[in-house]
There are 4 protein chains.
Amino acid sequence: MKGAQKPRKEPRQARSRFLVETIVEAAARVFDAHGYDGATTNLVARVAGVSVGSVYQYFPNKDALVTALHERHVRHMLRILEEVDAAAGGASLRETTDLLVAKSLDVHRAEPRLQRLLHADLPTLEQQRALSAASRAVFDRSRQLLSRHRAEIAQPDLDLATYVVLRMFEELVHAAALDPPPGVEDEPLRRAISDAILGYLTLAAPGARAGSPTDRP
Amino acid sequence: MKGAQKPRKEPRQARSRFLVETIVEAAARVFDAHGYDGATTNLVARVAGVSVGSVYQYFPNKDALVTALHERHVRHMLRILEEVDAAAGGASLRETTDLLVAKSLDVHRAEPRLQRLLHADLPTLEQQRALSAASRAVFDRSRQLLSRHRAEIAQPDLDLATYVVLRMFEELVHAAALDPPPGVEDEPLRRAISDAILGYLTLAAPGARAGSPTDRP
Amino acid sequence: MKGAQKPRKEPRQARSRFLVETIVEAAARVFDAHGYDGATTNLVARVAGVSVGSVYQYFPNKDALVTALHERHVRHMLRILEEVDAAAGGASLRETTDLLVAKSLDVHRAEPRLQRLLHADLPTLEQQRALSAASRAVFDRSRQLLSRHRAEIAQPDLDLATYVVLRMFEELVHAAALDPPPGVEDEPLRRAISDAILGYLTLAAPGARAGSPTDRP
Amino acid sequence: MKGAQKPRKEPRQARSRFLVETIVEAAARVFDAHGYDGATTNLVARVAGVSVGSVYQYFPNKDALVTALHERHVRHMLRILEEVDAAAGGASLRETTDLLVAKSLDVHRAEPRLQRLLHADLPTLEQQRALSAASRAVFDRSRQLLSRHRAEIAQPDLDLATYVVLRMFEELVHAAALDPPPGVEDEPLRRAISDAILGYLTLAAPGARAGSPTDRP
DNA sequence: CATGAATGAGAGTTCATTCAT
DNA sequence: GATGAATGAACTCTCATTCAT
């Protein structure tokens with residue numbers, strides 16, 4: 001992979017926007033099915049039903065497709081955060097977390113290899129520039145959600161906590177989707193992910209382990 | 001990446017063993033510096049100070065190098081587990097975890113991109129066959145270490161707990177090494193990783209746990 | 001050599017057809033000059049004045065070029081058969097054979113090494129599948145020509161006779177073109193080839209072995 | 001056989017001769033099984049049970065193995081010519097030919113691909129120098145045999161006749177061994193080969209060509 | 001002499017990218 | 001804009017050959 005890349009031109013017209021969407025969806029299918037190396041730009045074009053030239057009209061190079069896929073994923077996650085936020089009026093942190101885990105698992109299970117690729121290869125790229133912008137939104141939204149449950153959270157630094165939670169969350173959902181532990185049912189698996197997040201957030205100061213903050217009404 | 005690959009021939013003599021080691025170390029440097037695609041077999045050979053032919057004498061193809069690097073990493077982690085186990089006579093789970101985090105961070109910081117590559121690309125490969133053998137050792141050793149602290153662990157299923165802990169551990173250490181949160185000192189960062197693991201393991205059961213229908217002994 | 005190979009795409013447009021022809025002609029020159037091993041795909045491309053990529057656009061691999069050259073040769077031979085057939089109204093078998101030998105010699109002398117390669121390497125390949133289709137046309141056309149002279153032919157099984165004649169014909173023409181006997185003029189050489197074919201076809205039934213069929217009182 | 005103890009000096013040569021033979025036989029197997037390209041010198045060495053270095057001790061390069069195989073074949077053919085000559089006291093040309101065809105077919109059927117390779121690739125090589133020496137012996141011996149049947153032969157130039165007969169013979173035997181016509185029994189096939197040779201040799205001078213006596217209705 | 005690890009030139013092939021149509 | 005034929009740099013991998021042991 002070379003360098004960070006934004007779409008070459010912003011699709012102004014409806015047709016263009018549709019074309020870009022078509023290409024991105026094709027890219028999602030192709031990258032999920034073949035991995036980064038196996039995914040050729042020509043194949044993406046063929047699957048999208050357009051010519052390679054058209055792909056390059058909107059994406060200056062192969063990595064730009066990956067960047068676009070990342071943004072697509074971020075949008076997806078933002079939507080989920082939105083939904084959960086909306087649906088959960090006075091829900092507890094546990095309930096909210098459970099819901100997020102369940103919804104995210106659905107997303108990752110739909111295209112596990114692509115998600116792994118996005119999670120893994122992107123930090124490698126010099127694209128962090130482009131990414132941090134998109135990722136920032138997820139970070140901010142997540143932090144906001146956590147701050148709403150500030151009372152239930154023992155960790156003092158909420159920025160750091162958000163960072164850690166996002167990492168754990170992504171990784172565990174990835175793992176559960178792509179490489180689940182053998183012989184474990186879905187429910188305990190989701191439960192374990194929630195536990196990991198909840199456990200971290202609610203961990204009392206060292207020594208005070210027994211009295212968890214969630215014990216309070 | 002193609003398929004799983006074992007070393008082509010087992011290095012029997014001292015000279016060969018040395019050569020293989022040289023090649024693997026060169027591969028580590030090259031993969032860490034250039035990523036999977038950027039790492040060419042010719043470059044690995046050049047860095048190792050041998051000819052391409054010699055690389056292919058011992059590794060049937062490029063992916064075999066990655067597999068070897070994975071095994072090298074696994075050996076590394078096993079050594080760390082061993083050391084921590086030996087050093088920690090009656091240490092608490094927290095102390096043991098802190099030590100593991102510190103030592104692992106050193107390993108990952110030495111070659112962060114390689115570690116990311118190993119963590120990310122390998123599950124993609126069909127090499128899980130070969131890998132599971134090597135990874136199993138880490139899993140078993142980790143589980144054994146956890147079981148020694150059984151009393152401090154609230155999670156009922158120790159296999160699942162080991163799976164989750166290993167994932168969290170690897171991911172958070174990777175992240176801390178490759179993409180640390182801005183403005184966070186090393187100490188709190190390490191602390192956060194330990195908290196995540198400890199929090200998950202020691203999470204007291206929610207008051208409603210007894211009623212959960214899936215919680216079978 | 002790997003496996004049988006048809007052209008990757010049928011050249012629909014005039015430009016493509018011209019390109020394919022150019023490549024095949026270049027391949028003919030290169031294979032004739034360097035043999036199978038010495039002929040590199042890059043050299044074929046260079047001689048054709050195109051890029052390697054263009055060669056692979058139409059021929060999936062090196063062997064596909066050989067297959068194409070075989071088909072080119074078959075077409076050539078068919079054309080000759082056609083011409084001879086057309087020109088020879090009531091010609092005798094001898095006259096027809098003489099003409100075929102003369103024309104074929106011209107073809108083989110133009111690129112003797114290529115002809116040898118086609119004659120020799122192809123049966124080795126698994127390409128007999130693809131070849132038999134093309135070769136069949138030559139066989140059928142030859143058989144048809146022979147059957148027109150049925151009265152002059154003593155061999156009972158015309159299929160077998162065609163098989164034998166084609167083999168002798170190809171081999172002797174090859175030999176005469178590539179490795180002629182020293183000190184023999186062209187005319188007696190051509191005559192000898194015709195004699196071989198005529199002699200076989202007109203050989204009287206066994207029992208008349210001692211003398212030629214014309215020995216009859 | 002290893003118990004035999006000859007003077008200490010002599011075995012060195014004997015051993016070398018044996019080694020050379022071993023290598024050549026291994027080469028025969030390998031070239032027959034894999035063709036020229038597929039036959040690697042390392043494989044030949046492995047099959048021979050010696051090291052590559054030993055192969056290169058006696059054969060300066062890969063083509064030297066082919067040359068040796070050609071000489072082996074020539075010796076084989078000479079032996080057959082010898083046998084036939086010895087066994088056939090007052091045999092007719094037909095009888096002699098039949099015997100030669102039968103014996104040669106056995107040889108070629110044992111390693112058809114190798115024979116094709118020798119027949120086909122060698123003229124291509126620059127080894128014609130070395131070959132003509134070896135081939136000359138076969139040529140001379142064949143000519144001698146033909147001259148013994150001078151009375152039965154109509155062709156005026158015996159050198160040319162020998163040349164033509166050898167070519168036809170080799171080609172037809174090759175073809176019969178490697179690529180026989182479908183649905184033809186062995187006997188008629190051998191018969192056809194003999195017919196081809198006999199027909200050529202005994203063909204009466206032109207002009208005497210009469211309507212074939214085997215004309216069918 | 002025998003060995004076989006080491007060599008490295010060079011081959012076939014792919015695929016991101018361009019640009020004339 | 002859209003197309004897709006054409007490009008060619010660059011990669012993985014092979015194998016004839018050498019030479020230190």
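Where in chain C is the place of His149(C)?

1. This is a predicted model, in which local features need pLDDT of at least 70 and side-chain atom pairs count only at pLDDT 80 or more, while totals for chains, interfaces and linings use all residues. Residues are numbered from 1 along each chain as its sequence is written, chains are lettered from A in the order in which they are written, and side-chain values use heavy atoms, with hydrogens and water left out.

2. His149(C) lies in the loop between α7 (128-148) and α8 (158-178) of chain C, where helices are DSSP runs of H or I with at least four residues, numbered from the N terminus. His149(C) is buried, with a relative accessible area of 9% (buried means under 20%, with a 1.4 Å probe and protein chains only). Leaving aside residues up to four places away in sequence, His149(C) touches Ala91(C), Ser92(C), Leu93(C) and Thr96(C), contact meaning heavy atoms within 4.5 Å.

3. Turning to chains A and B, the contact takes 39 residues from chain A and 38 residues from chain B. Between them the two chains bury about 3,300 Å², 62% of it on carbon and sulfur atoms; this buried area is the accessible area (1.4 Å probe) lost on putting the two parts together, summed over both.

4. Two salt bridges are counted between chain B and chain A, each defined as a side-chain nitrogen of Lys or Arg within 4 Å of a carboxyl oxygen of Asp or Glu. Arg167(A) forms a salt bridge with Asp179(B), with the closest N and O atoms 3.0 Å apart. On the side of chain B that touches chain A, α1 (14-38), α6 (112-124), α8 (158-178) and α9 (186-202) of chain B each supply at least two residues.

Notes
Buried < 20%, exposed > 50% of the residue type's maximum accessible area, 1.4 Å probe, protein only.
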